[in-house]
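Subject: Structure handover

Dear colleague,

Please find the structure below. My notes on it follow.

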Amino acid sequence: MSLRKYFRKMRGSTHGSPPRVSHSEILWSWIGSFIGISSVAWVSMGFFQGTDLTLMIGSYGASAVLAYGAVRSPLAQPRNLVGGHIVSALIGVACYKLLPGVPWLAQAGAVSTAIAMMHATRTLHPPGGATALIAVIGSEEIHRMGWLYVLVPATLGPLILLAVALLVNNIPATRRYPEIWF
Amino acid sequence: MDDPNRPLTDPDLSDEDVLDAMRHIPGYLDITVEDFRILYRLARNHALTRTFAHVRAGQLMRSGIVPVRPGDRLDQAARTMANQCLKSIPVIDDQGCVMGMLTESDYLRRLGAEGFLELMLRLILDPVGLRQCCHEMPVNTAMTAPATTVPEVADFSGIVAAFRRCHGRSLPVVDRGGQLKGLLMRKAFVAACHLGPWEETAP
């Protein structure tokens, strides 16, 4: 590939930005994400407060964007939503435990390996990268959880988001979720 | 100006075409315009291949065609055509290979008429001369040669390409050796393809 062709690729391929969604879509995205995140927060406060476990992690904010704001996206489907977090959490915890003295390598390795494994298992879910990174750079509370991090929050949280997505996303006539389960 | 030879099945999708289609689908679509275009082309080619996989020239052709020889007289060839209800007929050599096609248009051109009305007037005014002309002229002086042929194993795209080349209503179907096996009618091909109007499907 010539240098000129290489730089020409940076111009983009499309003229015009993607269309804005309808007001109804905006409203249902807001409602779904509000209920989804508040459900996770409610379960976290109701069942895990005062314990060493935590249910709410930052990557759920990104998951909510997909599960309630881009419901047709392959990245938002149940296999990806749940599988992506589980696979990434496994990789993140493994990197933290295997590379305790080299934090930069653990951090980079966690994210990049999580992406590779999500690709390999057809569970690509962008917030999974954050879940893997949080396992390495998270608080002492997160680190103390060890492999339990894979179950709580990395499995339970996405399951709650999924349940809310199934209930809320199928209310409007113009929405349907999921497109595919596995 | 649009290219008149561009296939109808291969429309040039502009960015605006795709973006407009995306506006008709509720919800955020996580796909770029270019990815959609690539997907569309690949899916369309796959669908065409699957839909028309059964279409083969050898299966659709009309067999048992009695051809004419280059030395046959025009009136004799016309009788052969009429007996088989054909508007064009293959002309073959001694080995059975297709040399050309003799069509109704070839008759008109060779007899110096622009159309059938003019031919009818000539028949009224000079029936003897016309009869003599048809009786004396051999087929090879009027036929269109070389003829566009299509192999027995030709698939959908091969048949379409052949019809686009020759613009005729029928094509001689030949085997590997170029010998005549039958005649593929355009109407039979169109009927086999089940080409109907576009049906709009709700997203």
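**What was found**

Of the contacts in chain A between residues at least 6 apart in sequence, 73% join residues at least 24 apart; two residues are in contact if their C-beta atoms, placed from the backbone, lie within 7 Å. The model is predicted: local features need pLDDT of at least 70 and side-chain atom pairs count only at pLDDT 80 or more, while totals for chains, interfaces and linings use all residues. Residues are numbered from 1 along each chain as its sequence is written, and chains are lettered from A and ligands numbered from 1 in the order in which they are written.

Chain A has nine helices and zero strands. Helices (H or I, at least four residues) and strands (E, at least two) are DSSP runs, numbered from the N terminus. Of the 182 residues in chain A, 41% are buried, that is, with 20 or more other C-beta atoms within 10 Å of their own C-beta, placed from the backbone.

The largest nonpolar core has 46 residues; such a core is a set of buried Ala, Val, Leu, Ile, Met, Phe, Trp, Tyr and Cys residues joined through C-beta atoms within 7 Å. A:Ala89, A:Ala110, A:Ala135 and A:Leu161 have the most contacts inside this core. The largest share, 11 residues, comes from α4(A). Leaving aside residues up to four places away in sequence, A:Ala89 touches A:Thr131, A:Ala132, A:Ala135, A:Tyr149, A:Val150 and A:Ala154. Another core, of 28 residues, lies apart from the largest one and includes B:Ala77, B:Val98, B:Leu102 and B:Leu184.

Helix α2(A) covers residues 23-47. Its 25 residues should span 36 Å at 1.5 Å a residue, and the end C-alpha atoms are 36 Å apart, which agrees; the expected span is 1.5 Å times one less than the number of residues. Among the buried residues of α2(A) are A:Trp28, A:Gly32, A:Gly36 and A:Val40. The cover over the buried residues of this helix includes α3 and α9 of chain A.

The axes of α2(A) and α9(A) come within 9 Å and cross at roughly 145°. Axes here are lines fitted to C-alpha atoms, for helices over the stretch in contact, with angles running from 0 to 180 degrees between N-to-C directions. Residues making this contact include A:Gly32 and A:Gly36 of α2(A) and A:Leu161 of α9(A).

Between the chains, 17 residues of chain A are in contact with 13 residues of chain B.

Regards

Conventions. A residue is buried if 20 or more other C-beta atoms lie within 10 Å of its own, exposed if 12 or fewer, and partly exposed in between; C-beta atoms are placed from the backbone.
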